[in-house]
Amino acid sequence: TGLWRYSRHPNYFGECLFWTGQLAIAAAAGVLSSERALVVGPAFIWLFFRAASVPLMDKRSLERREDYKDVMATTSALVPWPTTVK
């Protein structure tokens, strides 16, 4: 229900959006022109959640819930997206 209908990990997506938003604020303030390394933080967060946290949590959920394989087949891992109908 709710966001979990569209994403298996909407809380991770929210965290990624937060840090991407911080980057957007820095860009709007003109800070990125002198501190280009700030781009690394949000990029790392997105990569970390997609490559490490999501697979670990999916593995754990597969071990605990018999129906989770169906959830994985029909629901986006990170970015909220309309549900796939099987």
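Trainee: Okay, is Thr74 buried or exposed?
Mentor: Keep in mind that this is a predicted model. The relative accessible area of Thr74 is 16%, and anything under 20% counts as buried. So Thr74 is buried.

Trainee: Which backbone oxygen does the side chain of Thr74 reach?
Mentor: Start with the place of Thr74, which is in helix H3, residues 68-74. From there its side chain gets to a backbone oxygen at 3.0 Å. That oxygen belongs to Asp70.

Trainee: Let's switch to H1. What span is expected for H1 at 1.5 Å a residue?
Mentor: H1 covers residues 10-28, which is 19 residues. From its first C-alpha to its last it reaches 26 Å. That's close to the expected value, 27 Å.

Trainee: Which helix is included in what covers the buried residues of H1?
Mentor: The buried residues of H1 are Pro10, Tyr12, Phe13, Cys16, Leu23 and Ala26. Among the H1 residues that meet the partner helix are Tyr12, Phe13, Cys16 and Leu23. The covering helix is H2 (40-64).

Trainee: How does H1 run relative to H2, roughly parallel or roughly antiparallel?
Mentor: Their axes come within 9 Å and cross at roughly 175°. Angles over 145 degrees count as roughly antiparallel. So H1 is, relative to H2, roughly antiparallel.

Trainee: How many residues of the contact of H1 with H2 are nonpolar?
Mentor: Take the other groups first: 2 are polar and 1 is charged. The nonpolar group has 12.

Definitions and conventions. Residues are numbered from 1 along each chain as its sequence is written. This is a predicted model: local features need pLDDT of at least 70, side-chain atom pairs count only at pLDDT 80 or more; totals for chains, interfaces and linings use all residues. Side-chain values use heavy atoms; hydrogens and water are left out. Helices (H or I, at least four residues) and strands (E, at least two) are DSSP runs, numbered from the N terminus. The expected span of a helix is 1.5 Å times one less than its number of residues. Buried means under 20% relative accessible area, exposed over 50%, partly exposed in between (1.4 Å probe, protein chains only). Contact means heavy atoms within 4.5 Å. Axes are lines fitted to C-alpha atoms, for helices over the stretch in contact, and angles run from 0 to 180 degrees between N-to-C directions. Angles under 35 degrees count as roughly parallel, over 145 as roughly antiparallel, 65 to 115 as roughly perpendicular and the rest as oblique. Ala, Val, Leu, Ile, Met, Phe, Trp, Tyr, Cys and Pro count as nonpolar, Asp, Glu, Lys and Arg as charged, and the others, Gly among them, as polar. A polar contact is a pair of N or O atoms within 3.5 Å; within protein, one must be able to donate a hydrogen and the other to accept it, and residues adjacent in sequence count only if both atoms are side-chain atoms.
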